[in-house]
Amino acid sequence: MLFVMDEKCYANYFVDFDFFDADCMKALISKGLGFGIIAGSVLVKVPQITKILKNKSGQGINLFSVCLDLLAITIHMSYSFVSGFPFSAWGDTSFLALQTALIAVLVLFYGGSASGAVAFGGVYSAIAYVLMGGLTPLKYLLIAQGLNIPILLLGKLSQAYTNYRNGSTGQLSAVTCFMLLAGALARIFTSIQETGDQMMILTYGCSSFANAVIVAQLLYYWNADKDKKAAGGASKKAKSKAKKTD
(Lines give C-alpha, C1' and ligand atoms only; values in the text may rest on other atoms or scores of the structure.)
Protein backbone atom coordinates (compact mmCIF):
# COMPACT_ATOMS: atom_id res chain seq x y z
CA MET A 1 0.00 0.00 0.00
CA LEU A 2 2.86 2.39 0.77
CA PHE A 3 3.81 2.02 -2.91
CA VAL A 4 0.75 4.06 -3.90
CA MET A 5 0.44 6.38 -0.87
CA ASP A 6 2.67 7.82 1.86
CA GLU A 7 2.50 6.92 5.56
CA LYS A 8 0.36 9.97 6.42
CA CYS A 9 -2.33 9.04 3.90
CA TYR A 10 -2.16 5.38 4.90
CA ALA A 11 -2.83 6.39 8.51
CA ASN A 12 -5.68 8.68 7.43
CA TYR A 13 -7.42 5.94 5.46
CA PHE A 14 -6.73 2.79 7.47
CA VAL A 15 -6.19 4.04 11.05
CA ASP A 16 -8.32 7.18 11.38
CA PHE A 17 -10.78 6.14 8.60
CA ASP A 18 -10.69 9.67 7.27
CA PHE A 19 -11.60 9.18 3.60
CA PHE A 20 -12.19 12.86 2.81
CA ASP A 21 -8.67 14.29 3.16
CA ALA A 22 -8.33 16.45 0.04
CA ASP A 23 -4.53 16.24 -0.24
CA CYS A 24 -4.51 12.45 0.12
CA MET A 25 -7.37 12.12 -2.36
CA LYS A 26 -5.50 14.17 -4.97
CA ALA A 27 -2.30 12.20 -4.36
CA LEU A 28 -4.15 8.89 -4.73
CA ILE A 29 -5.87 10.02 -7.94
CA SER A 30 -2.51 11.17 -9.28
CA LYS A 31 -0.91 7.80 -8.50
CA GLY A 32 -3.82 5.98 -10.13
CA LEU A 33 -3.58 8.18 -13.22
CA GLY A 34 0.18 7.71 -13.33
CA PHE A 35 0.00 3.92 -13.27
CA GLY A 36 -2.92 4.03 -15.71
CA ILE A 37 -0.84 6.09 -18.14
CA ILE A 38 2.07 3.67 -17.76
CA ALA A 39 -0.23 0.71 -18.49
CA GLY A 40 -1.59 2.50 -21.55
CA SER A 41 1.88 3.48 -22.76
CA VAL A 42 2.79 -0.19 -23.17
CA LEU A 43 0.47 -0.27 -26.20
CA VAL A 44 0.09 3.42 -27.13
CA LYS A 45 2.22 3.26 -30.30
CA VAL A 46 1.48 -0.37 -31.16
CA PRO A 47 -1.33 0.68 -33.58
CA GLN A 48 1.22 2.88 -35.39
CA ILE A 49 3.80 0.07 -35.51
CA THR A 50 1.15 -2.41 -36.69
CA LYS A 51 0.03 -0.02 -39.45
CA ILE A 52 3.60 0.33 -40.75
CA LEU A 53 4.16 -3.45 -40.67
CA LYS A 54 0.82 -4.19 -42.34
CA ASN A 55 1.40 -1.73 -45.21
CA LYS A 56 5.18 -2.33 -45.33
CA SER A 57 5.53 1.43 -45.62
CA GLY A 58 6.30 4.47 -43.52
CA GLN A 59 4.78 6.86 -46.07
CA GLY A 60 3.70 10.17 -44.56
CA ILE A 61 5.76 9.65 -41.39
CA ASN A 62 8.40 12.34 -41.01
CA LEU A 63 11.59 10.60 -39.83
CA PHE A 64 13.05 13.90 -38.63
CA SER A 65 9.96 14.39 -36.47
CA VAL A 66 10.20 10.85 -35.09
CA CYS A 67 13.86 11.34 -34.17
CA LEU A 68 13.19 14.65 -32.43
CA ASP A 69 10.27 13.07 -30.58
CA LEU A 70 12.54 10.22 -29.49
CA LEU A 71 15.22 12.67 -28.35
CA ALA A 72 12.68 14.63 -26.27
CA ILE A 73 11.29 11.45 -24.69
CA THR A 74 14.79 10.13 -23.89
CA ILE A 75 15.95 13.39 -22.31
CA HIS A 76 12.80 13.56 -20.19
CA MET A 77 13.16 9.91 -19.14
CA SER A 78 16.83 10.36 -18.23
CA TYR A 79 16.23 13.58 -16.28
CA SER A 80 13.36 12.00 -14.30
CA PHE A 81 15.28 8.78 -13.61
CA VAL A 82 18.45 10.50 -12.43
CA SER A 83 16.42 13.03 -10.38
CA GLY A 84 14.86 10.13 -8.48
CA PHE A 85 11.23 11.02 -9.28
CA PRO A 86 8.61 8.30 -8.59
CA PHE A 87 8.26 5.76 -11.44
CA SER A 88 4.55 6.59 -11.61
CA ALA A 89 5.50 10.14 -12.67
CA TRP A 90 7.61 9.17 -15.69
CA GLY A 91 7.52 5.39 -16.29
CA ASP A 92 5.46 5.75 -19.47
CA THR A 93 8.41 7.43 -21.19
CA SER A 94 10.44 4.20 -21.01
CA PHE A 95 7.81 2.37 -23.08
CA LEU A 96 7.30 5.35 -25.39
CA ALA A 97 11.05 5.53 -26.04
CA LEU A 98 11.22 1.85 -26.98
CA GLN A 99 8.23 2.07 -29.32
CA THR A 100 9.34 5.37 -30.91
CA ALA A 101 12.80 3.93 -31.57
CA LEU A 102 11.16 0.92 -33.22
CA ILE A 103 9.06 3.22 -35.45
CA ALA A 104 12.22 5.03 -36.57
CA VAL A 105 13.90 1.68 -37.32
CA LEU A 106 10.87 0.51 -39.35
CA VAL A 107 10.68 3.77 -41.33
CA LEU A 108 14.36 3.40 -42.23
CA PHE A 109 13.99 -0.30 -43.04
CA TYR A 110 10.94 0.08 -45.29
CA GLY A 111 12.55 3.17 -46.80
CA GLY A 112 15.22 0.86 -48.22
CA SER A 113 17.98 1.34 -45.64
CA ALA A 114 18.33 -1.88 -43.64
CA SER A 115 21.90 -1.01 -42.60
CA GLY A 116 20.73 2.44 -41.48
CA ALA A 117 18.02 0.82 -39.36
CA VAL A 118 20.57 -1.43 -37.60
CA ALA A 119 22.99 1.48 -37.08
CA PHE A 120 20.21 3.66 -35.67
CA GLY A 121 19.29 1.00 -33.10
CA GLY A 122 22.91 0.67 -31.96
CA VAL A 123 23.57 4.40 -31.72
CA TYR A 124 20.35 5.05 -29.80
CA SER A 125 21.11 2.27 -27.29
CA ALA A 126 24.55 3.82 -26.64
CA ILE A 127 23.07 7.32 -26.14
CA ALA A 128 20.44 6.00 -23.71
CA TYR A 129 23.15 4.25 -21.67
CA VAL A 130 25.30 7.40 -21.47
CA LEU A 131 22.34 9.50 -20.31
CA MET A 132 20.89 7.04 -17.78
CA GLY A 133 23.92 5.02 -16.70
CA GLY A 134 25.38 7.65 -14.36
CA LEU A 135 27.81 9.02 -16.96
CA THR A 136 25.94 12.32 -17.42
CA PRO A 137 25.76 14.76 -14.45
CA LEU A 138 22.28 15.93 -13.41
CA LYS A 139 23.12 19.58 -14.11
CA TYR A 140 23.64 18.76 -17.80
CA LEU A 141 20.41 16.76 -17.89
CA LEU A 142 18.62 19.78 -16.41
CA ILE A 143 19.97 21.95 -19.25
CA ALA A 144 18.90 19.30 -21.76
CA GLN A 145 15.43 19.19 -20.17
CA GLY A 146 15.19 22.94 -20.70
CA LEU A 147 15.93 22.44 -24.40
CA ASN A 148 13.32 19.69 -24.53
CA ILE A 149 10.42 22.07 -25.16
CA PRO A 150 11.72 23.54 -28.47
CA ILE A 151 12.87 20.03 -29.52
CA LEU A 152 9.43 18.59 -28.79
CA LEU A 153 7.59 21.42 -30.54
CA LEU A 154 9.88 21.31 -33.58
CA GLY A 155 9.43 17.54 -33.86
CA LYS A 156 5.63 17.52 -33.58
CA LEU A 157 5.07 20.63 -35.70
CA SER A 158 7.38 19.33 -38.46
CA GLN A 159 5.06 16.31 -38.67
CA ALA A 160 2.12 18.72 -38.79
CA TYR A 161 3.81 20.57 -41.68
CA THR A 162 4.37 17.27 -43.51
CA ASN A 163 0.66 16.48 -43.10
CA TYR A 164 -0.26 19.92 -44.42
CA ARG A 165 2.09 19.63 -47.41
CA ASN A 166 0.81 16.15 -48.31
CA GLY A 167 -2.83 17.06 -47.71
CA SER A 168 -3.08 13.85 -45.70
CA THR A 169 -1.88 12.23 -42.47
CA GLY A 170 -0.55 9.19 -44.39
CA GLN A 171 0.28 6.20 -42.20
CA LEU A 172 -0.28 8.06 -38.90
CA SER A 173 -2.47 6.06 -36.52
CA ALA A 174 -5.46 7.96 -35.14
CA VAL A 175 -5.59 5.71 -32.05
CA THR A 176 -1.95 6.46 -31.21
CA CYS A 177 -2.36 10.23 -31.68
CA PHE A 178 -5.47 10.41 -29.50
CA MET A 179 -3.81 8.34 -26.76
CA LEU A 180 -0.70 10.56 -26.82
CA LEU A 181 -2.87 13.68 -26.40
CA ALA A 182 -4.83 12.14 -23.50
CA GLY A 183 -1.61 10.97 -21.81
CA ALA A 184 0.05 14.39 -22.10
CA LEU A 185 -2.99 16.15 -20.62
CA ALA A 186 -3.16 13.70 -17.69
CA ARG A 187 0.59 14.09 -17.10
CA ILE A 188 0.16 17.81 -16.38
CA PHE A 189 -1.89 16.87 -13.30
CA THR A 190 0.40 14.03 -12.17
CA SER A 191 3.49 16.23 -12.56
CA ILE A 192 1.92 18.95 -10.39
CA GLN A 193 1.00 16.39 -7.73
CA GLU A 194 4.03 14.11 -7.68
CA THR A 195 7.04 16.23 -8.63
CA GLY A 196 6.10 19.91 -8.53
CA ASP A 197 8.82 20.32 -11.17
CA GLN A 198 7.94 23.41 -13.23
CA MET A 199 10.02 22.24 -16.19
CA MET A 200 8.12 18.93 -16.38
CA ILE A 201 4.75 20.69 -16.10
CA LEU A 202 5.64 23.16 -18.87
CA THR A 203 6.97 20.32 -21.05
CA TYR A 204 3.72 18.36 -20.80
CA GLY A 205 1.72 21.54 -21.45
CA CYS A 206 3.62 22.12 -24.71
CA SER A 207 3.33 18.42 -25.57
CA SER A 208 -0.46 18.63 -25.14
CA PHE A 209 -0.62 21.62 -27.50
CA ALA A 210 1.51 19.93 -30.18
CA ASN A 211 -0.42 16.65 -29.95
CA ALA A 212 -3.70 18.59 -30.18
CA VAL A 213 -2.52 20.10 -33.49
CA ILE A 214 -1.87 16.60 -34.92
CA VAL A 215 -5.25 15.33 -33.68
CA ALA A 216 -7.00 18.35 -35.26
CA GLN A 217 -5.31 17.51 -38.57
CA LEU A 218 -6.39 13.88 -38.31
CA LEU A 219 -10.00 14.96 -37.88
CA TYR A 220 -9.78 17.55 -40.66
CA TYR A 221 -8.15 15.29 -43.26
CA TRP A 222 -10.38 12.37 -42.31
CA ASN A 223 -13.44 14.49 -43.15
CA ALA A 224 -11.71 15.83 -46.27
CA ASP A 225 -11.00 12.27 -47.46
CA LYS A 226 -14.65 11.33 -46.92
CA ASP A 227 -15.72 14.32 -49.05
CA LYS A 228 -13.24 13.35 -51.79
CA LYS A 229 -14.52 9.78 -51.84
CA ALA A 230 -18.12 11.00 -51.97
CA ALA A 231 -17.28 13.40 -54.81
CA GLY A 232 -15.41 10.64 -56.65
CA GLY A 233 -18.38 8.30 -56.33
CA ALA A 234 -20.78 10.97 -57.63
CA SER A 235 -18.45 11.67 -60.57
CA LYS A 236 -18.33 7.98 -61.52
CA LYS A 237 -22.13 7.73 -61.39
CA ALA A 238 -22.47 10.82 -63.59
CA LYS A 239 -20.05 9.38 -66.15
CA SER A 240 -21.91 6.08 -66.14
CA LYS A 241 -25.24 7.81 -66.77
CA ALA A 242 -23.70 9.85 -69.58
CA LYS A 243 -22.44 6.67 -71.28
CA LYS A 244 -25.88 5.04 -71.05
CA THR A 245 -27.49 8.16 -72.55
CA ASP A 246 -25.03 8.05 -75.47
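A salt bridge is a side-chain nitrogen of Lys or Arg within 4 Å of a carboxyl oxygen of Asp or Glu. The model is predicted, so local features need pLDDT of at least 70 and side-chain atom pairs count only at pLDDT 80 or more, while totals for chains, interfaces and linings use all residues. Residues are numbered from 1 along each chain as its sequence is written, and side-chain values use heavy atoms, with hydrogens and water left out.

The whole structure holds 4 salt bridges. In one of them, lysine 156 meets aspartate 69 at 3.9 Å, N to O. This pair links helix H8 (residues 138–166), which carries lysine 156, to helix H4, which carries aspartate 69, 87 residues apart; helices are DSSP runs of H or I with at least four residues, strands runs of E with at least two, numbered from the N terminus. Aspartate 69 also forms a salt bridge with lysine 45 (3.2 Å, N to O). Lysine 45 lies in the loop between helix H2 (22–41) and H3, so the pair ties together parts 24 residues apart in sequence. Lysine 45 is buried, at a relative accessible area of 5% (buried is under 20%, exposed over 50%, partly exposed in between; 1.4 Å probe, protein chains only). Aspartate 69, at 14%, and lysine 156, at 12%, are buried as well.

A further salt bridge joins aspartate 92 and arginine 187 (2.8 Å, N to O). Aspartate 92 is in helix H6 and arginine 187 in helix H9 (residues 174–194), 95 residues apart. Relative accessibility is 5% for aspartate 92 and 0% for arginine 187.
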